[in-house]
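Here is a short briefing to read alongside the model. Take a look at the chain first, and then we can go through it topic by topic.

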Amino acid sequence: SRSCAQDQWRSVLSAFLRAVMAQILQLETLSAGDKILVGGDRFVQISSDLASRFQKGDAVQVVESTGELLHLPAKDRKATADAVGRAHAAFAQMNSVSDEQIGSFFEKFSAKLEDDAVWAEVVKTNEDDVKAAKAKGRSTTRLVANEKMRRDMIDGLRVWIGAKSKRGSIIETVEHTGWKVDLVGAALGIVGFVFEGRPNVLADATGVLRGGNTVVFRIGSDALGTARTIMAKALEPSLVAAGLPSGAVSLIDSAAHASGWALVSDRRLALAVARGSGPAVATLGALAKQAGVPASLHGTGGAWLYGSSKANVENLAAAVECSLDRKVCNTLNVVCVSRQRAAELIPAVLAGAEKAARQGGDGPGVFKLHVASGDEGYLPEELQQRKVMVTRADGDHEEQQVETLPEDKLGREWEWEGTPELSLKVVDDEDHAADLFNKYSPQFVACCVSEDSAEHERFYSRVNAPFVGNGFTRFADGQYLLDRPELGLSNWESGRLFGRGGVLSGDSVFTIRTRVWQTDPMLKR
């Protein structure tokens, strides 16, 4: 009938319109004022600057948690996609690579770094990187490729030479009548690393190869030259010599932040690792979450130390001194001392900081102190009036040695160069110290110096931290703690970690396959 034909036509037309409306079209241009949907019920608008810079092939991403708009130029997207593509192809080949071949790679890579001629080329490039970074006023604390870094890289690589892999290993067996189940370790996939001025990570993170994984690096401009030299002179020749696929370790040849954003958003990644701190790492974590890529984030650093009313004064001074040898993530950042014995404990803190600043020499022992507002009266007047020369990334500056700091700013991480810098807060007891830590710190490292075991247990139960100690704070390091190179450390700033500790290492990057062995042919449910 005519009515039936009309109904059929409407049905066909409706289906056609739905199909057309559901099409995803390529974004080729942007105009100022264009709206980008966020979270289904909000939007952000395109600025005139972004609209003018956007070209065909570029992409725009929105950080849903902040509304920040990120511009990803086509060249950076391609560089990233190509690197991930190489790692993806290499991962498919890793099943045919033996554990002995992987061990051979680590042996050859460590030998290359031990070769003085190779290392001389690395140092030469690194000197240029350091010079350029200093000219920009950047911190070079972790950028300099010195002998200690070289030794640590070599030692770390050698750990993996004979290390056992979880790939193919039976983790657990469950026996049933007529059948059994094996839980078998397996490679996870492609691991993406984003880090800034830390050349050593290039060696540390290759630990994921031990489990049959592949890796993609994105390194910032400060250390990119050093990374290129290590790749060309040591790492890539070692891959070839050991018979591993060349794309097993890939470096994105771009220093742009956009390449890092593109990397963590690539759904081919099995894991994204971001080393560093601050808003940049938070953005990377947010992008990975939006893409459904599991992420291991460092977040903000800075360790806390509590000197209790039952502390040994000498032990407290030693803990402060040994926690301020250099600025890294687990360096002491905040000291809380018991009000009950502040008159004894604060001089110990000051003595420890002064000794750390001397670095074993006879220098002036200059350090910078930020005292919480209201606690200034516990410090000597002469110290509060003193001016000192403080070494910053952009040179030396004359500053007050002591400055006041609002309590709600205790979580600020001091990124010092040559002059140790820390904050001081006077507290009532271990509960007060733990409460401040949980409220203001990045929830990373917490130490309690006390001679009372019950006090230690109370502090441990109260602080929300993955790393807790009773002395210096600098123990929080994968190689130092567990005798294997770390891929990254994680704090609890964004919540506790599911099923793992705060150290991510090469042998912890794996998945589990379930394999069933049936002996009863009539097995059924």
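The chain carries 61 positive and 68 negative side chains, and the centres of the two sets lie 8 Å apart. Here Lys and Arg count as positive and Asp and Glu as negative, with His and the chain ends not counted; each charge is placed at NZ of Lys, CZ of Arg, CG of Asp or CD of Glu. This is a predicted model, in which local features need pLDDT of at least 70, side-chain atom pairs count only at pLDDT 80 or more, and totals for chains, interfaces and linings use all residues. Residues are numbered from 1 along each chain as its sequence is written, and side-chain values use heavy atoms, leaving out hydrogens and water.

**Overall fold**
- Along its principal axes, the C-alpha trace spans about 100 × 60 × 55 Å.
- Of contacts (heavy atoms within 4.5 Å) with a separation of 6 or more, 70% join residues 24 or more positions apart.

- Buried residues (under 20% relative accessible area, 1.4 Å probe, protein chains only) make up 49% of the 525 residues.

**Around L422**
- Leaving aside neighbours within four places in sequence, L422 is in contact with residues including L324, V349, F367 and W414.

Key: Buried < 20%, exposed > 50% of the residue type's maximum accessible area, 1.4 Å probe, protein only.
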